[in-house]
Amino acid sequence: MNTAKLPVLRSGETDELLRRTRRGDKAAREELIQGNLRLVLSVIQRFAGRGENVDDLFQVGCIGLIKAIDNFDPSHEVRFSTYGVPMIAGEIRRYLRDNSALRISRSVRDTAYKVLQAKEKLTAEKGREPDVSEIAEMLGLPRQEVVFAMDAVCEPMSLYEPVYTDGGESVTVMDQVGDTRNTDEHWLEQIALSEAMAALSQREKRILSLRFYDGRTQMEVASEIGISQAQVSRLEKNAIAQIKKQIFVS
């Protein structure tokens, strides 16, 4: 398709064609569809980079456009594009959801479909996207159930999808959510520490546990175990020295 040759409708032309379409004029309906194909193209740009065939997305978007034309009510005094964009995007999201590699239970998918329908209807009525509470009230569902259903059908994002590009270097989702704590080095240190602790005597383990997990003083530990504070200090130092040696060797 040569997008440069696609017709563009002025606001007054769109309104007139919508009125004629409401009266059953099929020629006006066809002209209205052709005149809003650019709107479909602009919406599918939001879904680029997901590995989906662009032609397929365009066809699905056209279905959403046709639904928007057939269901649009000019009496709401909302611009057609304001109503049409959510309808087109919703149709594409349904297509992506139904063809997703992630399997979602039928009940959740049904709830999500009702949520999307309610969202489109409220958008048309209010001229803006409704919040979760408004959707939940309309459907008579708990707010949490609406949120869960919407999250369940969100298109998954690749960890390697670029979120920022500067000078040829891209920052991916992985770079933004990378775990700086549970690294390979951290796991190796944890293993070495566990092995070093296992080599200590029961008394040394108990002293370290009371001192560093329970936050007891050496005097409190000495009183509980029944030895002197000096012995506690010596055993503690020896245990820590053994652990450091074991980790260093590892």
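Rings of Phe, Tyr and Trp (its six-membered ring) pair if their centres lie within 6.5 Å; planes under 30 degrees apart count as stacked, over 60 as edge-to-face and the rest as tilted. The views below show a predicted model, in which local features need pLDDT of at least 70 and side-chain atom pairs count only at pLDDT 80 or more, while totals for chains, interfaces and linings use all residues. Residues are numbered from 1 along each chain as its sequence is written, and side-chain values use heavy atoms, with hydrogens and water left out.

**View A. Phe72, Phe80 and Tyr83 are linked into a cluster by ring pairs.**
The count of aromatic pairs comes to two. Phe72 and Phe80 form an edge-to-face pair, because their ring centres are 5.5 Å apart and their planes stand at 85°. The pair of Phe72 and Tyr83 is tilted, with 5.5 Å from centre to centre and 55° between the planes. This second pair links distant parts of the chain: Phe72 is in the loop between α4 and α5, and Tyr83, 11 residues away, is in helix α5. Helices (H or I, at least four residues) and strands (E, at least two) are DSSP runs, numbered from the N terminus. Buried means under 20% relative accessible area, exposed over 50%, and partly exposed in between (1.4 Å probe, protein chains only). Phe72 is buried at 5%, Phe80 is buried at 5%, and Tyr83 is buried at 8%.

**View B. The largest pocket holds about 410 Å³ of space.**
A pocket is found on a 1 Å grid over the protein atoms alone, as an open set of points where a 1.4 Å probe fits, with protein on both sides within 12 Å along at least five of seven lines; lining residues have an atom within 4 Å of a point. The volume is the space filled by probe spheres set on the points, which are joined across faces, edges and corners. The lining has 20 residues, and the closest to the pocket centre are Ser11, Thr14, Arg79, Phe80 and Ser81. Helices α1 (11–22), α3 (37–44) and α5 (80–98) each supply at least two lining residues, and α1 gives the most, with five. By type, the lining divides into nine nonpolar, five polar and six charged residues. Here Ala, Val, Leu, Ile, Met, Phe, Trp, Tyr, Cys and Pro count as nonpolar, Asp, Glu, Lys and Arg as charged, and the others, Gly among them, as polar.

**View C. Thr14 and Arg19 both belong to helix α1.**
Thr14 counts as buried, at 10% relative accessibility. Leaving out residues up to four places away in sequence, Thr14 touches Leu9, Leu32 and Phe80, where contact means heavy atoms within 4.5 Å. Arg19 counts as partly exposed, at 42%. Arg19 and Pro74 are 55 residues apart in sequence and 7.8 Å apart in space, C-alpha to C-alpha.

**View D. Leu65 and Ile92 touch the most other members of the largest nonpolar core, which has 31 residues.**
A nonpolar core is a set of buried Ala, Val, Leu, Ile, Met, Phe, Trp, Tyr and Cys residues joined through side-chain atoms within 4.5 Å. The elements that give two or more residues to this core are α1, α2 (26–35), α3, α4 (54–71) and α5. The largest share, eight residues, comes from α5. Ile92 touches Val43, Ile44, Phe47, Leu57, Val60 and Gly61, not counting residues up to four places away in sequence. A second, separate core of eight residues includes Val221, Ile227, Val232 and Leu235.
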